[in-house]
Amino acid sequence: MKHLTKKQLRDLAERLNAVRREILGDVEKSKIHTKEIGDDGTQDIADMAADTYSRQVLMDLGERERERLREVEAAFQRIEEGLYGICEESDEPIPYSRLEAIPYARYTVAAQNAIERRGGS
């Protein structure tokens with residue numbers, strides 16, 4: 001983390017907190033929306049199919065959001081361990097501009113591209 005100033009690190013921690021709040025807010029909205037979709041006993045088959053599809057979309061969104069939340073929490077752990085902003089693949093510093101865009105980034109752009117070419121995540 002030597003490549004990040006204390007102010008940059010503080011700003012990135014604030015960004016991580018904002019992402020966490022956004023995710024938790026989306027999860028809460030999804031819960032409310034799921035309750036609104038509930039079966040009132042007067043739906044026809046087309047309505048039930050649309051509701052099933054909507055529930056599936058919400059479940060998929062939920063899994064993506066859970067994964068993003070895990071990434072945010074892992075970033076906070078890396079801050080505590082002094083490893084935040086260091087690429088897990090190459091041990092190179094992750095540029096501040098990348099961390100600004102994706103504060104939970106684990107890899108430099110070059111390493112991320114190499115991982116994707118190999119078929120990893």
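Leaving aside neighbours within four places in sequence, which residues is Arg98 in contact with? They are Ala105, Tyr107, Thr108, Val109 and Gln112, where contact means heavy atoms within 4.5 Å.

## What we're looking at

This is a predicted model, so local features need pLDDT of at least 70 and side-chain atom pairs count only at pLDDT 80 or more, while totals for chains, interfaces and linings use all residues. Residues are numbered from 1 along each chain as its sequence is written, and side-chain values use heavy atoms, with hydrogens and water left out.

The protein has four helices and zero strands, so to speak an α-α-α-α run from the N terminus on; helices (H or I, at least four residues) and strands (E, at least two) are DSSP runs, numbered from the N terminus. Of its 121 residues, 26% count as buried, meaning under 20% relative accessible area, with exposed being over 50% and partly exposed in between (1.4 Å probe, protein chains only). Take contacts between residues at least 6 apart in sequence: 57% of them join residues at least 24 apart.

On pLDDT (the predictor's confidence in each residue, from 0 to 100), the protein averages 82, and 69% of the residues score at least 70. Helix 3 has the highest confidence, at a mean of 96, and helix 2 the lowest, at 78. Where pLDDT is low, the predicted coordinates should not be read in detail.

Arg15 is found in helix 1 (residues 6-36) and is partly exposed, at a relative accessible area of 34%. Setting aside residues within four places in sequence, Arg15 is in contact with Glu100, Ala101 and Pro103. A polar atom of the Arg15 side chain lies 3.0 Å from the backbone oxygen of Glu100. Arg15 and Ala101 are 86 residues apart along the chain, with 9.3 Å between their C-alpha atoms.

## Arg106 and its two glutamates

Glu88 forms a salt bridge with Arg106, the closest N and O atoms being 3.1 Å apart. That pair links distant parts of the chain, with Glu88 in the loop between helix 2 and helix 3 and Arg106 in the loop between helix 3 and helix 4 (109-118), 18 residues apart. Both are partly exposed: Glu88 at 39% relative accessibility, Arg106 at 25%.

Glu71, in helix 2 (residues 45-81), counts as buried at 15% relative accessibility. A polar contact of 3.2 Å joins its side chain to that of Arg106; such a contact is a pair of N or O atoms within 3.5 Å, where within protein one must be able to donate a hydrogen and the other to accept it, and residues adjacent in sequence count only if both atoms are side-chain atoms.

## Other salt bridges

The structure holds eleven salt bridges. One of them joins Glu73 and Arg20, with the closest N and O atoms 2.9 Å apart. Glu73 lies in helix 2 and Arg20 in helix 1, so the pair ties together parts that are 53 residues apart in sequence.

Within helix 2, Arg68 and Glu65 are three residues apart, about one turn of the helix, and they pair at 3.4 Å. A network of salt bridges also links Glu63, Arg66, Glu67 and Arg70.

Methods: Salt bridge = Lys/Arg side-chain N within 4 Å of Asp/Glu carboxyl O.
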